[in-house]
Amino acid sequence: MAESPGDLKPLQIGVRFKQPAIVLLYEENSKYRKRIMPVRDLKKNSSVNMIANDLKEHHDRFLKDVPDFKIEKMLRLIQNDMKGLELDESLQEISKEYSVDPEENLNDTDDFTLKRKKEIMDVTFEKNRKKPGDPDFQYDVEVDFSQVAGIESSIWDSEKEDDEF
């Protein structure tokens, strides 16, 4: 029986430090499987972006639905282990690097960082999105944010008749 690539669903991604590898847990045809993908040519100062692209190209069937930044995070964990950083320190550093600060001005970042931040925001949005069929889905939710957050209203927020404009 031929398996179609659409039946593969990534569940979790992780790393193996000794004999560095990316470990992917996935579901295929209602069976849970594990794929170990060795990481070659990763040095302490290598570009994780290039290595991630190579890995994704080589293991396209397994990694096509995994966001690039997640693969890069795993590679950075391996790199930090090579540098001798403790796991807790490494996780804190990577958490800062691969998160989006609402106060951060993304207009001042380079294109690569902006692309990564947008990818992180897209994944976060999809994870939190309520879809029809979800148990807590509500259609057409209206929230008055001025009362919730104590925001002062401005002239732009006031409702006026359309014929005044």
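How many helices and strands are there in the chain? The chain has 6 helices and 3 strands, with helices (H or I, at least four residues) and strands (E, at least two) taken as DSSP runs numbered from the N terminus. This is a predicted model, in which local features need pLDDT of at least 70 and side-chain atom pairs count only at pLDDT 80 or more, while totals for chains, interfaces and linings use all residues. Residues are numbered from 1 along each chain as its sequence is written, and side-chain values use heavy atoms, with hydrogens and water left out.

**View 1. The chain as a whole.** Of the 165 residues, 25% count as buried; buried means under 20% relative accessible area, exposed means over 50%, and partly exposed is in between (1.4 Å probe, protein chains only). Contact here means heavy atoms within 4.5 Å. Among contacts between residues at least 6 apart in sequence, 40% join residues at least 24 apart.

**View 2. An open sheet of 3 strands.** The strands are arranged in the order β1-β2-β3, and their pairing is antiparallel. Two strands pair if DSSP finds at least two bridges between them. At the edges are β1 (8–16) and β3 (31–38), each of which pairs on one side only. Neighbouring strands of this sheet are turned by 20° against each other on average, direction ignored. For such angles, axes are lines fitted to C-alpha atoms (for helices, over the stretch in contact), and angles run from 0 to 180 degrees between N-to-C directions. Strand β2 is mostly covered, with 6 of its 8 residues buried.

View 3. To find your way along the pair, look for Leu8, which stands opposite Glu28 in β2, and for Arg16, whose bridge partner in β2 is Ala21. The hairpin has 4 residues between the strands, and Gln19 takes a positive phi near 55°.

**View 4. The hairpin of β2 and β3.** These two strands also pair in the antiparallel sense, over 8 bridges. A handy landmark is Ile22, whose bridge partner in β3 is Met37. There are 2 residues between the strands, and Asn29 in the turn has a positive phi of about 50°.

**View 5. A salt bridge between Glu28 and Arg33.** The closest N and O atoms of Glu28 and Arg33 are 3.5 Å apart. A salt bridge is a side-chain nitrogen of Lys or Arg within 4 Å of a carboxyl oxygen of Asp or Glu. Is Glu28 buried or exposed? Glu28 counts as buried because its relative accessibility is 3%, whereas Arg33 is partly exposed at 34%.

**View 6. Helix α3 and its salt bridges.** The structure holds 10 salt bridges, and one of them joins Arg76 to Glu97, with the closest N and O atoms 2.7 Å apart. Arg76 lies in helix α3 (residues 68–83) and Glu97 in helix α4 (residues 87–97), so the pair ties together parts that are 21 residues apart in sequence. Arg76 is buried, with a relative accessible area of 10%, while Glu97 is partly exposed at 26%. A network of salt bridges links Glu72, Arg76, Glu93, Glu97 and Arg116.

**View 7. Around Glu72.** Glu72 is found in helix α3 and counts as buried at 4% relative accessibility. Leaving aside neighbours within four places in sequence, Glu72 is in contact with Val48, Asn49, Ala52, Tyr98, Phe112 and Arg116.

**View 8. Helix α3 against the sheet and against α5.** Helix α3 lies across β1 and β2, running at about 15° to β1. The axes of α3 and helix α5 (residues 111–128) come within 9 Å and cross at roughly 110°. The two helices are therefore roughly perpendicular to each other; angles under 35 degrees count as roughly parallel, over 145 as roughly antiparallel, 65 to 115 as roughly perpendicular and the rest as oblique. The contact is made by Asp68, Phe69, Lys70 and Glu72 of α3 with Phe112, Lys115, Arg116, Glu119, Ile120 and Val123 of α5. These residues divide into 4 nonpolar, no polar and 6 charged, where Ala, Val, Leu, Ile, Met, Phe, Trp, Tyr, Cys and Pro count as nonpolar, Asp, Glu, Lys and Arg as charged, and the others, Gly among them, as polar.
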